[in-house]
Amino acid sequence: MKRIEELTSIWLDDLLDEPELSELQHLMTSDPEAKEVFVQLCDLQAALNARVEGFDVRNLTMARIHSESSECATNDEFSLEDDRPVEWIVLPRPLPQRSGWRRFGQTVLLLSLLVAAGIAGTVFLTTPLASADATIGHADSAVTITRNGLGRAADAGFRLQAGDMVNIPLASVASIHYDDGTRLVFGPESRVRLDELTRLNGASKNLSLTQGSLTAHVAKQQSGKSLFVTTPAAKFRVLGTRFTLTADAATSRLDVIEGRVAVNRRDRSSSVDVSQGHFAIADATSSLSPKTVEPRLETGLISLYRFNEKKGAIVHDVSGVGAPLDLHIDRPDAVQWLPEGGLALRDSALISSAKPAGKIISSCRASGELTVEAWIRPATASQSGPARIVTLSSDPSHRNFTLGHGGDPDDMVNDSHRSTFIGRVRTAKTNPNGVPDLPSRNHSVAADLAHVVYTRSSDGTQRLFIDGIERASEKRAGDFSSWSNDYRLGLGDEFTHDRPWKGEYFLVAIFGRGLAPDEVLRNFRAGLVNLNVSVTSENL
Amino acid sequence: MNRPTTSPGAEPVADLTTDELIAAVLEGQQEYYGEVVSRYQQSVLRIVAAMLYDRSTTDDMVQQVFVNAYQHLDRFEAGRDFGAWIRTIARNVVREELRRASRYDARLRVYGDMITARWEDELKSVEHEDGVDESLEECLKHLTDRAAEVVRLRYREGRDFSQIAEILQTSAGAARNLLCRTLAQLRECIQRTKLED
């Protein structure tokens with residue numbers, strides 16, 4: 001087979017990388033015969049594309065005609081927002097790859113300069129670029145967007161275009177939301193470029209992760225369309241799934257939480273499909289093959305709830321550690337056991353232990369450490385209270401710890417309905433309510449499956465993780481000597497029934513130690529396959 | 001959506017000429033346009049397929065061609081060839097899309113320029129497409145069973161490589177390589193057939 005045939009075929013599948021694109025371009029400009037072969041293969045592809053089985057757009061066309069003739073012309077309202085002028089400022093070339101702290105320092109300095117410069121310039125882009133059908137979901141303040149060498153801060157809601165580069169420095173996180181509901185969350189020290197939408201074979205989402213980490217919740221894609229993620233080592237094709245991806249210049253690791261992802265090594269020497277509960281590493285040496293993810297880490301576990309009961313009013317502690325601390329559902333009519341595993345709180349309900357959580361209290365007090373881990377799906381992104389996901393408390397003002405959702409109604413500054421998770425732990429240095437708490441940033445929660453972990457280690461460091469990525473951390477002194485021995489464990493509400501949380505539980509685990517970030521990531525990667533819970537792709 | 005089975009004059013809709021169908025649509029009986037779509041969608045697809053897009057995008061574009069035609073139906077002169085008229089609209093839609101898409105891919109521009117030039121001559125264009133289709137039909141008969149299967153799965157059924165790999169019990173990479181080799185064979189066969197003709 002001729003090289004031009006091979007390259008054209010890969011081009012038609014929209015899988016060419018940059019060096020191959022250049023090679024194809026060179027062949028077509030330097031060799032008339034190659035150009036002829038290219039055109040003939042395109043002709044052949046067009047002829048084959050027209051042989052599709054069962055082609056019939058009659059009903060869809062008529063529905064569209066009915067729809068378009070009855071709709072008001074409101075499109076102008078949308079285009080105004082897309083085309084509005086934005087402030088751009090000349091930035092240096094994309095940050096060079098260097099040590100994290102040096103880069104962080106550079107970014108802080110850069111942003112300081114921008115602030116000092118005030119309105120340094122407004123640039124109106126005159127060349128229309130292709131929409132990437134995506135916006136910045138949320139971004140920490142140091143995150144920047146580079147477009148054509150010009151840069152700006154990444155504001156929530158900012159409309160992205162093909163070619164944009166999003167730079168996420170150390171200690172920062174950013175998310176990109178596609179119009180179809182796909183959410184991509186990028187961890188610290190990530191660099192991502194939204195590649196051009198060639199639309200060949202339906203590559204509706206196309207991005208390059210040159211370094212860093214990505215957690216993806218990919219909405220089910222239309223037939224034949226995919227999300228493509230390219231790293232220096234491999235190209236990943238996704239139809240609708242959840243996965244994490246870490247990449248540097250030499251290695252990429254993919255962990256599939258749910259669904260399936262096709263991986264092609266960039267040198268095209270091998271390809272493999274990676275399914276739920278498996279991971280694959282693409283690098284220069286090892287063979288590209290899916291491996292089973294490591295099992296959940298359970299060292300230091302005290303209580304574990306898997307919500308696999310499927311009926312009844314009791315959620316069993318299946319940790320096997322000490323006497324089970326089973327939980328009772330006070331309003332069975334307000335909950336629904338999910339057929340594939342999990343418990344949905346459709347209305348206010350408190351799921352609580354009948355007696356104080358002695359084994360949790362004694363273990364955490366002894367270690368001075370704590371981890372609360374939950375696989376949940378909030379019914380809504382914004383909740384208020386904070387709504388109690390997991391709590392060891394007695395009332396809204398007294399607790400040992402709480403993993404919550406949303407803001408505080410007593411907050412006089414912010415709206416209490418917030419899309420944020422919070423962690424509270426009472427120490428000798430906090431008030432009895434565990435305040436000040438540790439919140440993730442607003443807009444960091446979606447009404448979607450989430451792995452939320454709140455840890456506190458004996459040196460006073462608290463961390464909050466969402467889907468394996470650290471979203472907040474803070475160090476606060478104090479031990480657990482002020483903890484009460486009388487508090488019970490509760491899920492779904494405060495014991496005074498005035499802080500209800502709505503959503504679905506798939507797992508809750510409590511550890512008597514603070515899990516390290518890599519341990520949190522391991523449990524996230526272990527995902528749902530280790531929970532005996534199946535979440536169908538229709539739910540994505 | 002209910003399909004009309006009879007004409008305004010109680011004549012079966014399949015027996016109506018395209019001109020009669022269009023006249024009925026212009027008189028306000030929108031539903032008769034569905035029959036027009038059914039009659040010409042395959043020839044529109046053949047033109048839109050030149051964009052080399054995936055099936056759902058191609059479907060969208062074919063629909064768009066018929067929506068555009070519907071919006072300008074009053075400009076169609078009865079007695080003229082509706083097939084030629086709708087193919088012209090289809091080519092305009094594809095030209096516009098090619099202009100937009102080729103901004104991002106110079107290689108698509110090469111192919112786009114070629115087919116745009118070919119479309120300058122309606123007769124030559126149709127002859128070329130018919131020639132490719134006929135040669136392709138013949139060449140497909142000479143493929144091995146496995147090669148024919150991969151073509152069928154990919155193009156007739158619109159499956160992706162991971163699905164094809166499952167069906168053929170191989171890897172996605174192997175399935176892609178098989179298709180790549182098969183396309184090369186088909187291209188050579190079509191060129192040979194054209195030369196012989």
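Contact means heavy atoms within 4.5 Å. This is a predicted model, in which local features need pLDDT of at least 70, side-chain atom pairs count only at pLDDT 80 or more, and totals for chains, interfaces and linings use all residues. Residues are numbered from 1 along each chain as its sequence is written, chains are lettered from A in the order in which they are written, and side-chain values use heavy atoms, with hydrogens and water left out.

View 1. Tyr111(B) touches residues of chain A, including Phe38(A), Val39(A), Cys42(A), Asp43(A) and Ala46(A). Its contacts also include Ala50(B) and Leu52(B); residues up to four places away in sequence are not counted. A nonpolar core is a set of buried Ala, Val, Leu, Ile, Met, Phe, Trp, Tyr and Cys residues joined through side-chain atoms within 4.5 Å. Buried means under 20% relative accessible area, exposed over 50%, and partly exposed in between (1.4 Å probe, protein chains only). The largest core has 89 residues, and Trp11(A), Tyr33(B), Tyr111(B) and Val151(B) touch the most other members. Helix α3 (residues 32-49) of chain A gives the most to this core: ten residues. Helices (H or I, at least four residues) and strands (E, at least two) are DSSP runs, numbered from the N terminus.

**View 2. A second core.** This core is separate and holds 47 residues. Among them are Tyr305(A), Phe307(A), Ile329(A) and Leu438(A). In soluble globular proteins, nonpolar side chains tend to be buried together.

**View 3. The salt bridge of Asp255(A) and Arg525(A).** A salt bridge is a side-chain nitrogen of Lys or Arg within 4 Å of a carboxyl oxygen of Asp or Glu. The count over all chains is 34. Here the N to O distance is 3.1 Å. Asp255(A) lies in strand β14 (residues 252-258) of chain A and Arg525(A) in helix α8 (residues 517-526) of chain A, so the pair ties together parts 270 residues apart in sequence. Asp255(A) is buried at 0% relative accessibility. Arg525(A) is buried too, at 14%.

View 4. Glu35(B) pairs with Arg39(B), with the closest N and O atoms 3.1 Å apart. Both lie in helix α2 (residues 33-48) of chain B, four residues apart, about one turn of the helix. Glu35(B) is buried at 14% relative accessibility, whereas Arg39(B) is partly exposed at 29%.

**View 5. A salt-bridge network.** Arg183(A), Arg346(A), Arg377(A), Asp448(A) and Glu504(A) are joined into one network by salt bridges that share partners.
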